[in-house]
Structures are given as C-alpha cells and as structure tokens.
Amino acid sequence: DLSLAFYGCWHDSTPRLLTRAFGLADDLASQKDKRCVVVYDEFQWLNRVSPTLIARARAEIQHRMTNTAYVFMGSEVGLLNELFKSEKRMPFRLASPMPLPLPSPADWHVYIAGRFEALRVSVSDSDVDDLIEFAGCHPRDLMEVCEQLLVLRKISPSSPGAIELAKVRTLEGLRAPFEEIWKRLERPKGTWTTAARIARRQAIYGRGRSRETTARTIEKLEREGVIHKTGRGSYEFTEPLFGAYVRDLTTR
C-alpha cells in the first residue's frame, strides 16, 4: 500500500499530491537555501506498486535538482541497472550506476554485535561470525537471519538451536523471491545451465555448448545482477544464499 499524507487543508487530487511529493524536498531546500539529498531505497519496487510511478518520478525529479541530489538504491542490482541503462526505460540516464562495496566481515561483526547489545539480546562472537558466514556478507540476507535470531532469542533467550532455526526460517522466507529470480533466468535458453555450473563451481564453457550461447547466458546473469566476475572465466553469485538455492535446486 502507498499512502501520501499532507498536513493542512489539501484538496488536490492524488496525482497532484504525488507530483508534489516527488518535488517537495527540492521545494523546501530551495526555500531555505540549503542543499539536501533524497535517498530512494529499493527504488525498483516502484514498478510493483504501479507501472506508471517511475515515469512520473522521472518527470518530476529531472526538474527538481536545483538544491537537491538524488540517490536510487536497491538490493536487486540487475533491475536497477536495467532501469538506468536501458534506452527503453524511463529512468534511462537519470542517474549514473555506482556499485557500492560490501562491508568486510569484521565491519559486519562490529555492527551486528553492537545492535544486539543495544537491544539487550544475548549473542556470542561465534554466533555473529556464524550468521555472517551463512549470509556471505550479503546485506539483505544477513539482516533477515539476524531478525529471525532476534525474534527467537526474545521469545526464549536460552533456547538451544536458535542459530540453526534462524537459518532455516531465513531460507524459507527467501524461497519466494528466489523462485521469482529463477523464473526470470529461463531465457535465453541455457541460462539455467550456466547458473547451475557456477553454483557447483564447474567449468562454464565446453561440454557441447557453443561459446556464443554461453556468453549470452553469462551476459544475462550479469545484467540481472545475479553473478559477478572474479577472474578470467570465473564467476560467483552476488547473493551466496541464492547460489546455494540454485545448487540445491539443480542437484535434486
């Protein structure tokens, strides 16, 4: 659900209120002669709310940069890249893609341990390291498993097996979005095979596959943000848990 609320006597239609919402930050910054930054987190989700929202956002934001800069963030890297790099998409060239490096395991350890301590929930250093290793430092997945553990520890602080149960619940919660990603990889033909080979750390080329076909499937996986290159002819999943999902799915 999307809801817009303006305090005062507003009698404008919803589309006009939406237009005002997209430009409000720049209006306020201009009035106060200040500089500001607006961050849209999970920006690609606007498409799921309404297919016209991104077009409306571009129409307003491109004229609302007097005192305001905009950052469009999201965990689905492939969808974001497609939005801003494809000439067929409304946000084309509205912003420049800038990949952000992941925090190191040590950085994550300090952050997670600090958050659990602030919430007065017991967690050991080995527990924190276990969670980080499980999620492979992927921000969304790591936050998900931490939340699951937090809930379990609040219900029963001394319950054994909470870490493993948190992992199981995390994987169950991710199954639906992983299935959606997997369906998007059905075309071009052979993309599933390439993904499976990367997940199993097998050779991608050869075995009766043409280099051209294999190259197209790799391009698809990179464009979707599913994999990234680690060396000459070698790739790995940007989301380790999705890689584990693919490995499990294709070895049954």
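**Figure 1. Burial and overall composition of the predicted model.** Of the 252 residues in the protein, 35% are buried, where buried denotes under 20% relative accessible area, exposed over 50% and partly exposed the range in between (1.4 Å probe, protein chains only). The model is predicted, so that local features need pLDDT of at least 70 and side-chain atom pairs count only at pLDDT 80 or more, while totals for chains, interfaces and linings use all residues. Residues are numbered from 1 along each chain as its sequence is written, and side-chain values use heavy atoms, with hydrogens and water left out. The protein contains eleven helices and four strands; these are DSSP runs numbered from the N terminus, helices being H or I of at least four residues and strands E of at least two. A box of roughly 60 × 55 × 30 Å along the principal axes holds the C-alpha atoms. Contacts (heavy atoms within 4.5 Å) between residues at least 6 apart in sequence join, in 62% of cases, residues at least 24 apart.

**Figure 2. The accessible surface and the charged side chains.** Carbon and sulfur atoms account for 53% of an accessible surface of about 15700 Å². Areas were computed by the Shrake-Rupley method with a 1.4 Å probe, and for residues only the protein chains shown count as cover. The protein carries 38 positive and 33 negative side chains, and the centres of the two sets lie 6 Å apart. Lys and Arg count as positive and Asp and Glu as negative, whereas His and the chain ends are not counted. Each charge is placed at NZ of Lys, CZ of Arg, CG of Asp or CD of Glu.

**Figure 3. Helix H9 and its cover.** Seven of the nine residues of H9 are buried, namely Thr191, Thr194, Ala195, Ala196, Arg197, Ile198 and Ala199. Their cover includes helix H8 (162-184), helix H10 (211-223), strand S3 (227-231), strand S4 (234-237) and helix H11 (240-249). Threonine 194, within H9 (residues 191-199), has a relative accessible area of 0% and is therefore buried. Its side chain makes a polar contact of 2.9 Å with the side chain of arginine 209. A polar contact is a pair of N or O atoms within 3.5 Å; within protein, one must be able to donate a hydrogen and the other to accept it, and residues adjacent in sequence count only if both atoms are side-chain atoms. Beyond four places in sequence, threonine 194 touches Ile204, Arg209, Thr214, Thr217, Ile218 and Leu221.

**Figure 4. The largest nonpolar core and a separate one.** The largest nonpolar core comprises 39 residues, and Leu142, Phe237 and Phe242 have the most contacts inside it. At least two residues of this core come from each of helix H5 (105-118), helix H6 (125-135), H7, H8, H9, H10, S4 and H11. H8 supplies the largest share, seven residues. Apart from this core lies another of 16 residues, among them Val38, Ile61, Phe72 and Leu80. A nonpolar core is a set of buried Ala, Val, Leu, Ile, Met, Phe, Trp, Tyr and Cys residues joined through side-chain atoms within 4.5 Å. Leucine 142 touches Trp108, Ile112, Leu131, Ile132 and Ala135, residues up to four places away in sequence being left out.

**Figure 5. Arginine 140 in helix H7.** Arginine 140 belongs to H7 (residues 139-155) and, at 29% relative accessibility, is partly exposed. Beyond four places in sequence, arginine 140 contacts Ser75, Leu174, Phe178 and Glu239. Serine 75 and arginine 140 are 65 residues apart in sequence, with their C-alpha atoms 7.2 Å apart.

Figure 6. Most residues other than glycine have a negative phi, and most peptide bonds are trans. Aspartate 33, in the loop between helix H1 (14-32) and strand S1 (36-40), has a positive phi of about 55° and is exposed, with a relative accessible area of 66%. Arginine 201, in the loop between H9 and H10, also has a positive phi, of about 60°; its relative accessible area of 76% makes it exposed. In the loop between H8 and H9, which holds proline 188, the peptide bond from arginine 187 to proline 188 is cis, with omega near 0°.
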